[in-house]
Amino acid sequence: MVKLTVLGSGTCVPHKERGSSGYLLSTDAGSALFDCGNGAVWKLEKIGIDYLGINNVFITHFHPDHTSDLIPLLFATRHPYGKKRVKSLGIWGPEGFVEFVEKLRSPYGEWVRPEFVEIHEVGKKKRKIDGLEIKTFKTVHTENSIGYVVRSGEKKIVYTGDTGYFSGLRQAASEADIFVTECALPDSEKMAVHMTPSDIAKILQESSPKKIVLSHLYPSMDGRNLPEEIRTLSGNSETEIIVAEDLMEVIA
Ligand SMILES: [Zn+2]
Ligand SMILES: [Zn+2]
């Protein structure tokens, strides 16, 4: 069984219903967190997941809405209040990630240097990490931003992180059981480094993932019927289009 729980479907903009990016992937092999934006750690507690039981965290890029809860995660792992990690936590990110975490130690010192934590750069090669097959792809967002293609048994789960549209996304989405994509802004606010419903439609004209989860939604996406907009633009009626909400579960 593969279950994706949306911890944060929003952005850097404070929103009463949407927190910053975080996705929990639960499989028979354990659980992994994708991105760790503000609020992600307490939401794990809210849904009854022990943060000390997470095997790995995978970061897409260094913007604060994707990384800021690494600080409380590391601090809590150092001071687990009577509990203790038994297995080391892997925290993985794009090129430059080791230096990024090292720099957090400049203001926070030993508070963010717990035992049982290993910091890695995930690299470009396909690799097996605690039962998950992980492959990354470059995204159009920051100099070193990446997305993840994850395989667990027969299931393919893709997480784009933040990105502008590029044609490789069609390949990434192809045959995905769950394709979690940013769909940050309406077409009227189009930016090169984020996607809009028209961009998602371009992906769905060529690819039909089983489920597409639209996330990283700015407040200007409130109140829109995104599935209908995208179905009309793409002509794709095969893919189930889901608008992410915080604490929503999607099963593959
Ligand atoms: Zn973001
Ligand atoms: Zn970003």
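Author: Two strands pair if DSSP finds at least two bridges between them, and helices (H or I, at least four residues) and strands (E, at least two) are DSSP runs, numbered from the N terminus. This is a predicted model: local features need pLDDT of at least 70, side-chain atom pairs count only at pLDDT 80 or more, and totals for chains, interfaces and linings use all residues. Residues are numbered from 1 along each chain as its sequence is written, with chains lettered from A and ligands numbered from 1 in the order in which they are written.

Reader: How do you know in which sense strand β2 and strand β3 pair?

Author: Strand β2 (residues 22-27) and strand β3 (residues 30-36) share 6 bridges, against the required at least two. Their pairing is antiparallel, and S26 has S31 in β3 as its bridge partner.

Reader: To which sheet do these strands belong, and what makes a strand an edge strand there?

Author: An open sheet of 7 strands runs in the order β6-β5-β4-β3-β2-β1-β14, with mixed pairing. β6 (117-121) and β14 (249-251) pair on one side only, and are thus its edge strands. From one strand to the next the twist averages 20° (axes are lines fitted to C-alpha atoms, for helices over the stretch in contact, and angles run from 0 to 180 degrees between N-to-C directions).

Reader: What places β7 and β13 at the edges of their sheet?

Author: That open sheet, also of 7 strands and mixed, has the order β7-β8-β9-β10-β11-β12-β13. β7 (127-129) and β13 (240-243) each have a single partner strand, so one side of each lacks a neighbour in the sheet.

Reader: Which residues of helix α6 are buried, and why are they assigned to the same side?

Author: A residue is buried if 20 or more other C-beta atoms lie within 10 Å of its own, exposed if 12 or fewer, and partly exposed in between; C-beta atoms are placed from the backbone. In α6 (residues 197-206), P197, D199, I200, I203 and L204 are buried. They cover an arc of only 160° around the axis, so they lie on the same side of α6; the arc is that of the directions from the helix axis to the C-beta atoms.
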